[in-house]
Amino acid sequence: MTAAHHALTAQTPDAAIDTACRMLRLPTMRAQAADTIARAEREGLSYAGFLAELLMAECEDRDRRRAERRIRAAHFPREKSLRDFDYRANPNVDPAVIHSLATCDWIAKGYPLCLIGDSGTGKSHLLIGLGTAAAMAGYRVRYTTAAALVNELVEAADDKQLGKTIARYGRVDLLEIDELGYLELDRRGAEMLFQVLTEREEKNSIAIASNEAFTGWSKTFTDPRLCAAIVDRLTFNATLIETGTESYRLARTRANKNSGTK
């Protein structure tokens with residue numbers, strides 16, 4: 001018998017369990033041990049049943065904490081759940097398509113996703129909701145806006161860190177770029193964004209949200225060849241969802257205003 005084993009068994013069982021859980025870094029088992037022991041005695045659980053209860057509680061809690069870390073690492077600007085999306089307010093969005101995307105099969109295959117529609121039609125909600133579902137399913141996700149990404153790439157280039165930055169964005173399982181098409185990008189910024197897309201091509205998924213149809217992207221990417229190449233990268237094997245032109249946020253505001261004046 002080792003000295004450590006003797007030190008544990010010399011304590012009372014409750015104290016030994018507490019000490020062992022601390023040493024083995026099992027916080028959930030430590031927190032639930034007393035209640036599980038009491039229930040095991042009350043319900044006549046077998047030794048195997050009792051151990052299984054504690055081990056499963058630890059595994060489930062670790063999965064939850066890992067998912068929370070992945071969600072934090074994604075840098076979503078706010079919480080959005082697919083459960084909260086109002087399909088009745090925007091009939092352009094097919095619930096069956098979103099439910100299929102939530103299985104993350106497209107991410108496993110490295111396929112792109114494009115959400116196209118006017119402001120207020122739910123693009124960002126769907127982008128964040130799908131990204132959150134992917135993080136909970138075990139995928140590494142990174143959310144950013146097009147402007148923030150290009151600014152980061154320009155700064156990295158100035159600091160001679162562009163290669164490392166592009167590689168970092170290339171490693172995540174799902175890169176989400178919101179607000180693509182809102183601002184015109186100069187040639188340097190557009191070329192750097194293209195490098196990120198090329199790094200991920202047919203390897204890891206990318207999802208974008210844009211208020212411009214592809215035919216209007218020449219206003220964002222002023223070089224015609226570069227614009228065509230970027231559209232090609234984003235649409236090959238992609239799922240395209242058009243969220244429409246009518247802002248349901250604006251419609252809801254109007255409805256609330258009208259109901260308040262009655």
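Residues are numbered from 1 along each chain as its sequence is written, and side-chain values rest on heavy atoms, with hydrogens and water left out. Because the model is predicted, local features need pLDDT of at least 70 and side-chain atom pairs count only at pLDDT 80 or more, whereas totals for chains, interfaces and linings use all residues.

Buried here denotes under 20% relative accessible area, exposed over 50% and partly exposed in between, with a 1.4 Å probe and protein chains only. When neighbours within four places in sequence are left aside, Ile-208 is in contact (heavy atoms within 4.5 Å) with Leu-113, Cys-114, Leu-115, Ile-116, Leu-127, Ile-177, Leu-180, Trp-217 and Leu-234.

The structure holds 4 aromatic pairs, a pair being rings of Phe, Tyr and Trp (its six-membered ring) with centres within 6.5 Å, and with planes under 30 degrees apart counted as stacked, over 60 as edge-to-face and the rest as tilted. The rings of Phe-85 and Tyr-87 are edge-to-face, because their centres lie 5.0 Å apart and their planes stand at 65 degrees; Phe-85 is buried, at 5% relative accessibility. The pair of Trp-217 and Phe-221 is tilted, with 5.9 Å from centre to centre and 50 degrees between the planes.

Helix H8 has 13 residues and reaches 18 Å from its first C-alpha to its last, close to the 18 Å expected at 1.5 Å a residue, where the expected span is 1.5 Å times one less than the number of residues. Its buried residues include Ala-146, Leu-149, Val-150, Leu-153 and Ala-156; seen down the helix axis, the buried residues of H8 fall within an arc of 125 degrees (taken over the directions from the axis to the C-beta atoms) and therefore line one face. The exposed residues Glu-155 and Asp-158 are carried on the face turned away from that buried side. Strand S2 (141–145), H9, S3 and H10 are among the elements that cover the buried residues of H8, and just after this helix Lys-160 takes a positive phi of about 60 degrees.

Strand S2 is largely enclosed by the rest of the structure, because 5 of its 5 residues are buried. Val-141, Tyr-143 and Thr-145 lie on one side and Arg-142 and Thr-144 on the other, so that both faces are covered. S2 and S3 run parallel and are joined by 5 bridges (strands pair if DSSP finds at least two bridges between them), and Val-141 has Leu-174 of S3 as its bridge partner.

Conventions. Helix = DSSP H or I, 4+ residues; strand = E, 2+ residues; numbered from the N terminus.
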